[in-house]
Amino acid sequence: MERRYNFNAGPSALPQDVLSHAQSELLNYQQQGMSIMEFSHRSKEYQRIHDGANELLRELLEIPDDYEVLFLQGGASLQFSMIPMNFLHQGYMANYLLTGSWSQKALTEAKKIGEAYIGGSSKEADFKRIPDLNALKYGENDAYVHLTSNNTIHGTQWKSFPQRKESTFIADMSSDILSRSLPIDQFGLIYAGAQKNLGPAGVTVVILKKDLLSEIPDNLPTMLDYRTHVDKKSLYNTPPSFAIYMLSLVLEWTKKKGGLKEIEKMNAEKTKLLYTTIDGSKGFYSGTAEADSRSSMNVTFTLPSKELEDLFLKEAEEEGFVGLKGHRSVGGCRASIYNAVPLNSVQALSDFMHTFHHKHNI
Ligand code: PMP
């Protein structure tokens with residue numbers, strides 16, 4: 001069977017080598033006579049995978065020793081609530097940098113727990129860009145400053161991050177973690193749902209600076225208290241063992257590709273190819289995001305009319321491309337080109353875009 005050109009925004013393409021590897025040991029994991037899904041999460045076989053994924057993530061992202069790495073459930077969306085529950089205390093305000101729908105959702109949840117305000121926003125520009133670092137506002141009683149590193153829906157991305165020694169920065173990196181080198185020590189907490197660059201849906205990675213643990217109040221429900229998961233090394237309750245196994249395979253694949261430096265170069269090549277196609281079309285395709293805020297993960301663009309967009313999506317589907325429809329809240333088109341999307345898929349999309357343009361030139 002031919003695999004399709006997968007540009008889904010998440011869940012999204014996984015490396016074919018990883019899928020084949022998982023398939024090869026699906027029924028009989030390492031001659032143990034059963035699937036990894038059927039092992040106890042207290043078994044030594046599972047423990048090896050669990051610890052291995054944790055160590056490899058630390059190695060690839062160069063996570064310093066004073067950070068914990070957790071594997072949680074509930075998606076990035078549960079982190080929208082857990083963060084204020086753990087760190088937004090009375091007398092303090094949470095500072096949210098508003099760059100799109102996901103940061104808006106995070107803010108909405110924070111307001112249910114305590115006080116929060118917007119220290120920077122690109123709402124007035126329809127979220128087509130990232131706010132200017134120098135224009136961000138901070139308060140004296142900031143509990144933390146929250147940002148979304150890559151805006152999956154709008155196709156924008158922070159190219160560099162705000163830095164300020166008085167502030168604890170927290171970042172939702174769901175849609176660009178593992179795509180580039182990261183200054184981990186500029187953040188108190190980083191979180192990401194796995195279903196883009198890390199693996200299948202079902203596990204959420206949290207990278208948390210240890211000294212923040214002392215700020216957590218004692219009255220939280222056990223499962224919503226980060227200390228529970230730190231103390232039990234993400235094995236307080238049954239973890240999503242298959243998702244973590246898949247994560248471990250994706251991390252091994254990432255390492256084999258040469259780690260983040262090489263991945264970043266591969267991503268840059270794919271991004272350049274698509275944006276060059278868009279910019280070279282003399283306005284037939286228009287990039288949605290402003291040039292200096294363009295995402296290397298989600299390339300958003302429009303065509304001259306809704307009719308042409310519908311036709312583009314229909315013909316693309318017929319040619320084996322999936323996932324090119326923009327998010328329902330913004331419309332247009334979006335090609336998500338996460339780590340596992342190979343250059344040849346992006347080349348095929350670029351060729352298709354050229355052909356479509358010539359066929360329907362107006
Ligand atoms: N944040 C970002 C940046 C996302 O792209 C998404 C999902 N696409 C979420 C949060 C929500 O993640 P989840 O569905 O895992 O809760």
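Q30 is partly exposed in this predicted model, at a relative accessibility of 43%; the category covers relative accessible areas between those called buried (under 20%) and those called exposed (over 50%), computed with a 1.4 Å probe on protein chains only. The residue sits in the loop between α1 and α2, where helices (H or I, at least four residues) and strands (E, at least two) are DSSP runs numbered from the N terminus. Q30 is not a glycine, yet its phi is positive, at about 45°. Residue numbers start from 1 along each chain as its sequence is written, and because the model is predicted, local features are reported at pLDDT of at least 70 and side-chain atom pairs at pLDDT 80 or more, while totals for chains, interfaces and linings use all residues. Side-chain values rest on heavy atoms, with hydrogens and water left out.

A positive phi, of about 75°, is also found at L178, again not a glycine. L178 belongs to the loop between β8 (169-172) and β9 (189-193) and is buried, with 0% relative accessibility. A further backbone feature is the cis peptide bond between G10 and P11, with omega about -5°. P11 is placed in the loop between β1 (5-6) and α1.

L178 is among the residues touched by N339, the others being S179, N197, W253, I263, N267, K270 and M297; contact here means heavy atoms within 4.5 Å, and residues up to four places away in sequence are not counted. N339 lies in the loop between β14 (333-336) and α9 (343-359). Its relative accessible area is 3%, so N339 is buried. The side chains of N339 and N267 are joined by a polar contact of 2.9 Å. A polar contact is a pair of N or O atoms within 3.5 Å; within protein, one atom must be able to donate a hydrogen and the other to accept it, and residues adjacent in sequence count only if both atoms are side-chain atoms.

S295 is likewise in a loop, between β11 (286-287) and β12 (298-302), and is buried at 0% relative accessibility. Its side chain makes a polar contact of 2.6 Å with that of N150. Apart from neighbours within four places in sequence, S295 is in contact with N150, G155, T156, Q157, K159, T271 and Y275.

Two packed helices are described by the angle between their axes and the distance between the axes. Axes are lines fitted to C-alpha atoms, for helices over the stretch in contact, and the angles run from 0 to 180 degrees between N-to-C directions. For α2 (residues 44-61) and α6 (residues 241-256), the axes come within 9 Å and cross at roughly 40°. These two helices are therefore oblique to each other, a class left over once angles under 35 degrees are called roughly parallel, over 145 roughly antiparallel and 65 to 115 roughly perpendicular. The crossing of α2 past α6 is left-handed, meaning that the near helix is turned anticlockwise from the far one by less than a right angle; clockwise would be right-handed. On the α2 side the contact involves Y46, I49, H50, A53, L56, L57, E59 and L60, and on the α6 side S241, I244, Y245, L247, S248, L251, E252, T254 and K255. The residues of this contact comprise 10 nonpolar, 4 polar and 3 charged; Ala, Val, Leu, Ile, Met, Phe, Trp, Tyr, Cys and Pro count as nonpolar, Asp, Glu, Lys and Arg as charged, and the others, Gly among them, as polar.

Helix α1 (residues 16-24) also packs on α6, with axes that come within 9 Å and cross at roughly 135°. This angle makes α1 oblique to α6. The crossing is right-handed. D17, V18, L19, H21 and A22 of α1 meet Y245, M246, L249, V250 and W253 of α6. The contact of α1 with α6 is made up of 8 nonpolar residues, 1 polar and 1 charged. Y245 takes part in the contact with α2 and in that with α1, and W253 is also touched by N339.

E215, in the loop between β10 (204-209) and α5 (226-231), is partly exposed at 37% relative accessible area. Its C-alpha atom is separated by 6.6 Å from that of F87, 128 residues apart along the chain. Beyond residues up to four places away in sequence, E215 touches N86, F87 and H89.

A106 lies in helix α4 (residues 101-113) and is buried, with a relative accessible area of 0%. With residues up to four places away in sequence left out, A106 touches F80, Y96, H146 and Y191.
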